[in-house]
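Hi,

Here's the structure I promised to pass on. Have a look at it first, and then read on for what turned up.

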Amino acid sequence: MKPIGFGVIGLGWPGQQHSHAISHVPGARLVAACDIEVSRREAYAAQFPGVRLFAGHEALLEDPEVEVVIIGLPNFLHAPVTLDAFAAGRHVLCEKPPTLNVAEMEEIQRESRRRKRVYAFGRQFRFTSDILEAKQAVASGQLGSVYLAKGRWTRLRGAPLGIGGWFIDKARAGGGAIIDLGIHALDNAWYLCGCPKPASVTASTGRYFLGESDGDVEDTGLAFLRFDGGLVITLEIAWAMNMSDEAAKPVDWAGAESIQTLLHGTSASLQVSPPALFRAEGNRLARDTLAAGPSRSDAYEALPYPIPGFARQIEDVARAVRDGTPPTNHVDHALELMKMLAGIYESGRSRSEVRFTAAPPPVPVDDLSL
């Protein structure tokens with residue numbers, strides 16, 4: 001079976017991880033890559049000899065062997081380059097967040113369907129062994145009925161800047177910590193719970209550590225989301241927070257950070273990382289390890305972190321292109337996530353509950369403010 005040809009647009013950290021992952025997936029082939037920075041192209045050529053290199057994505061899209069493009073550019077370029085790729089007949093795997101706002105994501109959904117192109121958003125966490133085993137535990141009924149999920153991603157001091165400070169510029173990033181880290185924490189919990197329809201959100205957003213000259217985005221977001229069927233998801237997101245050492249793990253550039261997803265069910269509770277089940281035995285708390293899933297013994301698990309999740313994601317996209325079936329991280333999930341993020345921002349701005357309807361009105365990017 002002929003491998004699917006991939007092209008990588010943007011050779012920063014995400015583009016490099018995707019490139020390493022492609023080299024380990026039998027059904028995928030790294031064909032081409034591009035970046036406007038000469039130094040990045042030269043360093044990439046040394047790492048990935050034989051890959052055709054371009055300065056701009058327009059030239060890469062003309063390469064006939066590129067079937068899927070991976071977009072690893074700053075947030076404000078995600079939507080326009082995705083649409084360029086669709087117009088060139090290519091399938092797309094785009095890094096998170098999928099777009100800056102709901103309106104852009106709705107256009108991508110329409111174009112994906114109209115042109116019959118596969119669209120996937122980058123969420124390699126869905127393909128880590130921890131999440132895969134947690135998903136298996138929920139599906140098997142070990143937790144009973146899940147009524148509460150908690151998502152957390154907090155850092156001691158870890159606001160990213162990006163080239164030219166785009167991470168802290170709302171016009172180019174779409175937001176701050178919520179759109180950067182919150183999309184991960186939200187999707188981890190939401191995906192494990194079966195991606196139910198959101199009903200409402202109450203949120204608080206703020207700038208507690210960024211200085212006056214440090215852009216115009218939030219460094220902290222707290223949210224309480226209700227879903228059809230009764231599920232509640234709470235989020236704790238921060239680029240900077242004075243954390244306790246119990247929850248923190250050392251990270252060189254951020255000092256420390258805490259990443260966790262917890263699911264509470266009527267039969268047991270689940271901690272995603274490290275994987276564990278908790279239940280009551282009388283008045284005693286009992287802890288069990290999760291049954292190891294097949295991902296613990298697949299060909300990718302022995303690769304350095306975070307390549308296993310990236311590689312399984314590439315494999316999933318290649319399968320979708322080959323078989324014509326939706327990828328795990330499909331376009332409808334991307335749109336629902338953008339709607340929830342928009343609701344969090346709007347609730348934080350208005351300091352009131354935001355209710356979702358069957359067809360929530362798009363929130364203009366100008367309204368995604370604190």
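By class, the residues lining the second largest pocket are 5 nonpolar, 4 polar and 4 charged. Keep in mind as you read that this is a predicted model. The volume of this second largest pocket comes out at about 200 Å³. Its lining has 13 residues, and those closest to the centre are Arg117, Val118, Thr325, Pro326 and Pro327. Two elements, helix 5 (102-115) and helix 10 (331-350), each give two or more residues to that lining.

Next, have a look at helix 6, which covers residues 129-139. Which of its residues are buried? They are Ser129, Asp130, Ile131, Glu133, Ala134, Ala137 and Val138. Just past the end of helix 6, Gly141 has a positive phi of about 85 degrees.

Last, the cysteines. How many disulfides does the structure hold? The count is 0. For a disulfide, two cysteine sulfurs have to be within 2.5 Å. The closest cysteine sulfur to that of Cys94 is in Cys34, and at 13 Å that's too far for a bond. Cys94 is also buried, with a relative accessible area of 0%. As for Cys193, its sulfur is 9.0 Å from the closest cysteine sulfur, the one in Cys195, so that pair is too far apart for a bond as well.

Cheers

Conventions. Residues numbered from 1 in each chain as written. Predicted model: local features only at pLDDT ≥ 70, side-chain atom pairs only at ≥ 80, totals over all residues. Heavy atoms only, no water. Buried < 20%, exposed > 50% of the residue type's maximum accessible area, 1.4 Å probe, protein only. 1 Å grid on protein atoms, 1.4 Å probe; cavity = no way out; pocket = protein on both sides within 12 Å on 5 of 7 lines; lining within 4 Å. Points joined across faces, edges and corners; volume = space filled by probe spheres on them. Helix = DSSP H or I, 4+ residues; strand = E, 2+ residues; numbered from the N terminus. Nonpolar A, V, L, I, M, F, W, Y, C, P; charged D, E, K, R; others polar.
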